[in-house]
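This briefing is meant to be read with the structure open beside it. Please take the points one at a time and look up each residue as it is named.

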Amino acid sequence: MTSNQIISLLPYQDPFLFVDKLTMISSEGVTGNYTFKKDAYFYKGHFKNNPITPGVILTECMAQIGLVCLGIFILKDEFSETSPQIALTSSQVDFFLPVFPGEKVTVVSEKEVFRFNKLKCNVKLYNEKNELVCRGKISGMIAAN
């Protein structure tokens, strides 16, 4: 399954799709990136005269690349043209640096466990300077429709 095939199966679309490209994927992990658009809707109010990407959006980007894309790859034989059913069950993320409009980020995810359609991953998000922006554990349920 190619990067483009995985991305096409994601149940998201603009303006809530936070995956541009997957650069590595295996049954043990995934690496991908996304560039935050300078005119994204959430910058208008977060924060006044100092736009910063909200932590919840960074967490969503980490979940889309690090959990959902990996889950689709792991369950690739169960998907054809249908989008997966996704339920985020938990996330624990620590934030260290801000992400500004126009910045490209890279998400690196390593599978911790996949059992009974529940996937748990250790996920890190880096900025263009390869500085650690945030990291955490994200888990969720994934299944074919």
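## A buried threonine and its surroundings

In this predicted model, Thr-59 has a relative accessible area of 13%, and because buried means under 20%, Thr-59 counts as buried. The residue belongs to helix H2, and once residues up to four places away in sequence are set aside, Thr-59 touches Ser-91, Val-93, Phe-95 and Ile-138. The points below move from the protein as a whole to the sheet, and then to the aromatic rings.

**The protein as a whole**

- The protein is built from 2 helices and 6 strands, and, read from the N terminus on, these elements follow the order α-β-β-α-β-β-β-β.
- For 145 residues, a compact globule would have a radius of gyration near 15 Å, and the protein agrees with this, since its own value is 15 Å.
- Taken along the principal axes, the box filled by the C-alpha atoms is roughly 45 × 25 × 25 Å.
- Of the 145 residues in the protein, 41% are buried.
- Among contacts with a separation of 6 or more, 66% are between residues 24 or more positions apart.

**The sheet and the helix packed on it**

- An open sheet is formed by 6 strands in the order E1-E2-E4-E5-E6-E3, and the pairing is antiparallel.
- Strand E1 (21–26) and strand E3 (84–95) stand at the edges of this sheet, and because each has a single partner strand, one side of each is left without a neighbour in the sheet.
- Neighbouring strands of the sheet are turned against each other by 20° on average, with direction ignored.
- Helix H2 (residues 55–74) packs on the sheet, where the helix touches E1, E2, E3, strand E4 (104–115), strand E5 (118–126) and strand E6 (132–144), and the direction of H2 makes about 45° with that of E6.
- A hairpin of 2 residues joins E1 to E2, and these two strands pair in the antiparallel sense over 5 bridges.
- Within this pairing, Met-24 has Thr-31 in E2 as its bridge partner, while Leu-22 stands opposite Gly-32 in E2.

**Aromatic rings**

- A pair of aromatic rings is described by the distance of the centres and the angle of the planes.
- The whole structure holds 8 aromatic pairs, and one of them is the edge-to-face pair of Phe-16 and Phe-18, with 5.1 Å centre to centre and 70° between the planes.
- Ring pairs join Phe-16, Phe-18, Tyr-34, Phe-36, Tyr-41, Phe-42 and Tyr-43 into a cluster.

**A charge over a ring**

- The ring of Phe-73 has the charged end of Lys-76 sitting over it, 3.9 Å from the ring centre.

Key:
Residues numbered from 1 in each chain as written. Predicted model: local features only at pLDDT ≥ 70, side-chain atom pairs only at ≥ 80, totals over all residues. Heavy atoms only, no water. Pairing = 2+ DSSP bridges. Helix = DSSP H or I, 4+ residues; strand = E, 2+ residues; numbered from the N terminus. Axes fitted to C-alpha atoms, helices over the stretch in contact; angles between N-to-C directions. Contact = heavy atoms within 4.5 Å. Buried < 20%, exposed > 50% of the residue type's maximum accessible area, 1.4 Å probe, protein only. Phe/Tyr/Trp six-rings, centres within 6.5 Å; stacked < 30°, edge-to-face > 60°. Lys NZ or Arg CZ within 6 Å of the ring centre and 35° of its normal. Rg over C-alpha atoms; globule rule 2.2 N^0.38 Å.
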